[in-house]
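Me: I've got a protein model open and I'd like to talk through a few spots in it. Can you take my questions one by one?

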Amino acid sequence: MDISDIARKLSLDNNKLLIRKAAEIRRLCDAQFDSSIIGVGEICKAVICLEIAATRLQIIFDRQAAVKLSGMSEKAYSRSFNSLQNVIGIKIKLNVRELAVQFGCVRVIKSVQNVLSSYKERFLASLPASRRANADFTRPVFTAAAFYLCAKKQKLKVDKLRLIEVCGTSESEFSCVSTSMTDLCFDCVGISKEKKDAKDVKGNRDLLDVLPGKRRLEDGGYSSGDESSCYKRHKKMEEAKYEDWKSTVVNSIKKNPEKGTKRVIQASLNFPKKSETKELQVDS
């Protein structure tokens, strides 16, 4: 299917510049590699080239209609789009401010810039001197990962899949960069998973102090502080029941010592021998 036909189905046939740009990107794809290797058919490739051209020219593009026209699922289409874009070497410029406005997280702008600066410095320090010149931090996946981690740190909700789609990367690469950034910049984006002690939290401590008093009033009062716990009271009741049972068993043994020490002896079975059975048969 020709790109102009696909553009007409997506209501983009009036923009000739867009069609020419998409045709140029398609020729570049055909010259550099065989798209069928990554599972992208000709129709899907034409649709993706049209979307790449629309993105570069900042033209509104209906992705849902494009996915439907490509005959693929949305996840497969996004994966193919990112793969095709990376193969032909088209880089997406991702600005932190535009990203913050798009996702409604303007207050993380400063934090994202600080995290990116710290990550770059610490990552380069961990590399040998011969490899530092080849490190590339211009890829949008670094900006997207820092943005996501800072938003998560400040408990702001961000659509992770949409963010991956915007930065034009894969889920595996995004996860890898996020893990590396969390390890190197844990002081900036890390979230402690340690469970706090209930006594260290002020609200919980107040509850722990108040509830025993209420229990004392409701139960009619009890003297010792150890008995304020329901578990301890239940445990003491079980121990008392056990002591009563134990004393009953001991007393019964003392009253009837023979019954307690008498052993049961199994009776022996005496079967007649073969010679005896033959004599019995003769006599009969």
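Me: Which helix does Tyr-242 lie in?
Reply: Keep in mind that we're looking at a predicted model. The helix to look for spans residues 230-255, and Tyr-242 lies in it. That one is helix 13.

Me: Is Tyr-242 buried, partly exposed or exposed?
Reply: Buried would need under 20% relative accessible area, and exposed would need over 50%. Tyr-242 comes out at 45%, so the label is partly exposed.

Me: Which residues form a nonpolar patch with Tyr-242, on the surface?
Reply: Together with Tyr-242, the patch has about 420 Å² of accessible area.

Me: Over to helix 4. Why do its buried residues sit on the same side?
Reply: The buried ones in helix 4 (residues 63-70) are Arg-63, Ala-66, Val-67 and Ser-70. They end up on the same side because, around the axis, they cover an arc of only 100°.

Me: And which helices do the buried residues of helix 4 pack against?
Reply: Look for residues 42-56, 74-87 and 160-167. Those are helix 3, helix 5 and helix 9.

Me: Glu-51 has a charged-looking name. Is Glu-51 buried or exposed?
Reply: Glu-51 is found in helix 3, and the residues it touches include Phe-61, Arg-63 and Phe-81. The cut-off for buried is under 20% relative accessible area. Glu-51 has 7%, so it's buried.

Me: Which side chain makes a polar contact with the side chain of Glu-51?
Reply: The distance for this pair is 2.6 Å. The partner of Glu-51 is Tyr-77.

Terms used
Residues numbered from 1 in each chain as written. Predicted model: local features only at pLDDT ≥ 70, side-chain atom pairs only at ≥ 80, totals over all residues. Heavy atoms only, no water. Patch = residues over 30% accessible without salt bridge, like charges linked within 9 Å, V, L, I, M, F, W, Y side chains within 5 Å. Areas by Shrake-Rupley, 256 points an atom, 1.4 Å probe, with all protein chains shown as cover. Salt bridge = Lys/Arg side-chain N within 4 Å of Asp/Glu carboxyl O. Helix = DSSP H or I, 4+ residues; strand = E, 2+ residues; numbered from the N terminus. Buried < 20%, exposed > 50% of the residue type's maximum accessible area, 1.4 Å probe, protein only. Arc of directions from axis to C-beta. Contact = heavy atoms within 4.5 Å. Polar contact = N/O pair within 3.5 Å; in protein donor to acceptor, adjacent residues only side chain to side chain. Lists of a residue's contacts leave out its neighbours within four places in sequence.
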